[in-house]
Amino acid sequence: MIENWVASISSLRNTALVVIASPVLPPPAIKVMSLLRPAVNALALPVALPPAINCRRKLNSSQILKQWTLTSNVSVCPRTVGGRLLEIGLRGCKARPKPLLTEFQRKRRLTGIREHSLWTIKDWEKVIFSDESQFCISGDQSSAYVRRRTHEEFSPQCLNPTVRYPTKVMVWGCMSSHGVGRLHIVSGTVKAMNYIEILQNKLLPTTRDLFGNQSWVFQDDNSPCHRAKVVQKWLKNHTVNKRN
């Protein structure tokens with residue numbers, strides 16, 4: 001009878017039953033049943049996973065199993081759940097960081113994409129992009145890889161020194177298909193009047209260097225200080241064509 005069960009299970013799926021394939025003496029029936037139970041449960045799993053996996057991608061195998069158990073009579077281990085997820089193409093990955101957008105911001109971005117969907121390469125070559133970014137200049141906080149032996153875990157040459165309050169600097173820059181522009185080291189927070197000074201001393205000279213007498217389009221990240229009325233007035237007075 002035991003042999004029939006093994007044959008039927010093996011015919012349904014190539015399940016790893018090595019643990020019962022090579023003993024010299026046949027184990028007791030109770031032990032055989034305990035060994036076969038995980039294989040039987042795995043074969044009995046439905047193809048469809050609980051709906052939670054489609055809308056809550058941050059659940060781990062144990063959390064999915066817990067919800068699955070509440071909605072159906074399933075008795076498996078988290079490892080089996082992880083294997084089934086791999087079978088349908090859902091593997092664990094590190095989530096990509098992206099800015100949090102409101103529904104209004106999403107609609108505005110979609111509208112902007114549709115308005116410029118027919119732009120050609122020549123149209124985009126006229127655009128100069130600008131942005132501010134923060135850089136850490138002391139105490140590298142990023143991950144570092146080293147080659148070490150087991151006992152060298154805390155050797156000085158294998159450590160990545162960090163500081164509690166690293167020195168950071170804010171930099172404004174711009175670029176286009178014609179080249180990169182001039183940089184500006186920002187002191188403190190960028191406010192409307194500071195931004196106008198940057199545009200006057202860095203943006204305009206850069207556009208003269210890159211575009212000459214040709215027309216160009218300005219694109220920033222539309223942060224609050226960029227939308228200030230005094231900034232919009234300055235752009236209008238200097239005939240700056242801004243892409244919304």
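Two strands are said to pair if DSSP finds at least two bridges between them, and helices (H or I, at least four residues) and strands (E, at least two) are DSSP runs, numbered from the N terminus. These legends describe a predicted model, in which local features need pLDDT of at least 70 and side-chain atom pairs count only at pLDDT 80 or more, while totals for chains, interfaces and linings use all residues. Residues are numbered from 1 along each chain as its sequence is written, and side-chain values use heavy atoms, with hydrogens and water left out.

**View 1. The strands that pair with S2.** Strand S2 (residues 168-176) and strand S4 (residues 184-186) pair in the antiparallel sense over three bridges, and within this pairing Met 170 has Val 186 of S4 as its bridge partner. Strand S1 (residues 127-136) also runs antiparallel to S2, to which eight bridges join it; here Asp 131 is partnered by Gly 173 in S2. Strand S3 (residues 179-180) pairs with S2 over two bridges, again in the antiparallel sense, with Ser 176 standing opposite Gly 179. S2 and S3 form a hairpin, and two residues lie between them.

View 2. Thr 206 belongs to helix H8, which covers residues 192-211. With a relative accessible area of 2%, Thr 206 is buried, where buried means under 20% relative accessible area, exposed over 50%, and partly exposed in between (1.4 Å probe, protein chains only). When residues up to four places away in sequence are not counted, Thr 206 touches Ile 128, Cys 174, Gly 181 and Arg 182, a contact being defined by heavy atoms within 4.5 Å.

**View 3. The stacked rings of Phe 211 and Trp 216.** The structure holds two aromatic pairs, one of which is formed by Phe 211 and Trp 216, stacked at 6.5 Å centre to centre with 20° between the planes. For this assignment, rings of Phe, Tyr and Trp (its six-membered ring) pair if their centres lie within 6.5 Å, and planes under 30 degrees apart count as stacked, over 60 as edge-to-face and the rest as tilted. Phe 211 counts as buried because its relative accessibility is 5%, and Trp 216 likewise counts as buried, at 16% relative accessibility.

View 4. Asn 222 is not a glycine, yet has a positive phi of about 60°; the residue is placed in the loop between strand S5 (217-219) and helix H9 (229-237). Its relative accessibility is 29%, so Asn 222 counts as partly exposed. Thr 239, which is not a glycine either, has a positive phi of about 50° and lies in the segment after H9. Thr 239 is exposed, with a relative accessible area of 69%.

**View 5. The whole protein, as context for the close-ups.** The protein contains nine helices and five strands, and from the N terminus on its elements run α-α-α-α-α-α-α-β-β-β-β-α-β-α. Of its 244 residues, 27% count as buried, and among contacts between residues at least 6 apart in sequence, 62% join residues at least 24 apart. The accessible surface of the protein comes to about 18700 Å², of which 56% belongs to carbon and sulfur atoms; such areas come from the Shrake-Rupley method with a 1.4 Å probe, and for residues, only the protein chains shown count as cover.
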